[in-house]
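Trainee: I would like to learn how to read a sheet and a pair of helices. Please take me through an example.

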Amino acid sequence: MSFPFAIVGFDLDGTLVDSSIELSASLNHALGHAGYPPIDPAEVKSLVGMGARVMLERGLANQGIVDPGLVKRLFPVFLEHYEANLGSDCTVFPGLLDALDTLAEKGVQSAVVTNKFESLAVQLLDTIGLSHRFATIIGGDTMGKGSGKPAPDPIFEMIARCGGGRAAFVGDASPDVMASKAAGIPCVAVSFGFLAHPVEELGADAVIDHFDALVPTLYTLG
């Protein structure tokens, strides 16, 4: 049976990698810089998905603070710490490497579409030795301001950069599902990601609990 997809795209944080520890460290570094108490890493997972600035906004809101000026002042503090420690405490989810190997054996091009800045996404994937596995890496700023997920623009760009063909997307949050639906491609949600709500509420076409199930699930969706 031929594989039904030529391209499989992946979100990054909470989908490919568990980066919650280092994201928490950088967020808490920024909060501490302003004199606010730290947030538990388990809570930080629910703040991820729309890029670093939104995560910082949500982190401050978690403390009862809504202050765009403070976000602007703390954002460089967050970025400086994050860039200095990127990839230092970040692991891939179980079964990912085997799944990527299987997709490659089937002639599938894998890609990354994340709302993290492109430069940070590339740096992270370089640091943990995964960059070479992806045909393209698209960040939240690649297509210009305001064009990240849930807009379909980066999904369309992913397909174009991979030379066209039928595509599917794998993610862990509502922006992933919304962008996929807007682009007209199926989306697989992972139940082990950085979930703000139960995975069943995301509206994905399928849910997997382990990357071992990805290829069989894609066959089913195809």
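This is a predicted model: local features need pLDDT of at least 70, side-chain atom pairs count only at pLDDT 80 or more; totals for chains, interfaces and linings use all residues.

Trainee: What is the order of the strands in the open sheet?

Mentor: Strands (E, at least two residues) and helices (H or I, at least four) are DSSP runs, numbered from the N terminus. Two strands pair if DSSP finds at least two bridges between them. Here six strands form an open sheet with parallel pairing, in the order β5-β4-β1-β6-β7-β8. The edge strands, β5 (136-138) and β8 (206-208), each pair on one side only.

Trainee: Which residues of helix α9 are buried?

Mentor: Buried means under 20% relative accessible area, with a 1.4 Å probe and protein chains only. In α9 (residues 214-221) these are Leu214, Val215, Thr217 and Leu218. They lie on the same side of α9, because their arc around the axis is only 160°, taken from the directions from the helix axis to the C-beta atoms.

Trainee: How are two packed helices described?

Mentor: By the angle between their axes and the distance between the axes. Axes are lines fitted to C-alpha atoms, for helices over the stretch in contact, and angles run from 0 to 180 degrees between N-to-C directions. The axes of α1 (residues 20-33) and α3 (residues 52-62) come within 11 Å and cross at roughly 60°. Contact means heavy atoms within 4.5 Å; Leu23 and Leu27 of α1 and Met55 and Leu56 of α3 are among the residues that make it.

Key. Residues are numbered from 1 along each chain as its sequence is written. Side-chain values use heavy atoms; hydrogens and water are left out. Buried means under 20% relative accessible area, exposed over 50%, partly exposed in between (1.4 Å probe, protein chains only).
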